[in-house]
Amino acid sequence: MALLDHTLDPDNVDAVAYDAIYFTGGHAVMWDFPDSEGIQKITRNIHVQGRIVSAVCHGYCGLLNTRLNDGQLLVQGRRVTGFSWTEEILAGVSRQMPYNAQAEMSRQGALYEKGLLPFVPKVVVDGRLVTGQNPQPTKATAKAVAALLRTSG
């Protein structure tokens, strides 16, 4: 609880101290994550250090707009998943969303994948990039990250 009471501002996080970043979901991150330079810096630094970048559900919005040191978008040419536009429509909230995250991922060059059916668990592992489609694979996504941590450590 003390850590929650004293959460660091992203600008004060030293990415060297972390082996992975795990973005959780919730619709609010669609507004908070994509344009946060602090989040982008942490994500870029963890990635370029050969560590693990991961997200589940709407957390993949934290990967949007993140550029690597060479200027390439982190998700460009990478397999990812996250809450699909079909799931937004079925949840009845698509009209309240600031953008279509699935389409934005594709626009940024990601190779977006989704489950055959909405709201079923799906995890995509592309090297050290781990993503889960919706809330259902939260545990499976975390297990995939833990497996990578065990093999890289």
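What follows is a short chat about the core and the salt bridges of this predicted model.

Q: Which residues touch the most other members of the largest nonpolar core?
A: F23, V53, Y60, L63, V80 and M105 do, in a core of 25 residues.

Q: Which element gives the largest share of this core?
A: Helix α3 does, with three residues. β1, α2, α3, β2 and α5 each supply at least two.

Q: What is L63 in contact with, sequence neighbours within four places aside?
A: F23, T43, V53, L74, V75, M105, L129 and T131.

Q: And Q102, buried or exposed?
A: Buried, because its relative accessibility is 18% and the cut-off is under 20%. Q102 is found in helix α5. Leaving out neighbours within four places, its contacts include Y60, W85 and K114.

Q: Switching to charges. How many salt bridges are there?
A: Five. In one of them, D126 pairs with R78, with the closest N and O atoms 3.5 Å apart.

Q: Where do D126 and R78 lie?
A: D126 is in strand β5, and R78 is in the loop between β2 and β3, so the pair ties together parts 48 residues apart in sequence. D126 is buried at 18% relative accessibility, and R78 is buried at 16%.

Q: What about D19?
A: D19 bridges to R51 at 3.7 Å between the closest N and O atoms. The two sit in separate loops, so parts 32 residues apart in sequence are tied together. R51 is partly exposed at 22%.

Q: Which residues form a salt-bridge network?
A: R79, E113 and K122. E113 and K122 meet at 3.7 Å, N to O.

Note on methods. Residues numbered from 1 in each chain as written. Predicted model: local features only at pLDDT ≥ 70, side-chain atom pairs only at ≥ 80, totals over all residues. Heavy atoms only, no water. Helix = DSSP H or I, 4+ residues; strand = E, 2+ residues; numbered from the N terminus. Buried < 20%, exposed > 50% of the residue type's maximum accessible area, 1.4 Å probe, protein only. Contact = heavy atoms within 4.5 Å. Core = buried A, V, L, I, M, F, W, Y, C linked by side-chain atoms within 4.5 Å. Salt bridge = Lys/Arg side-chain N within 4 Å of Asp/Glu carboxyl O.
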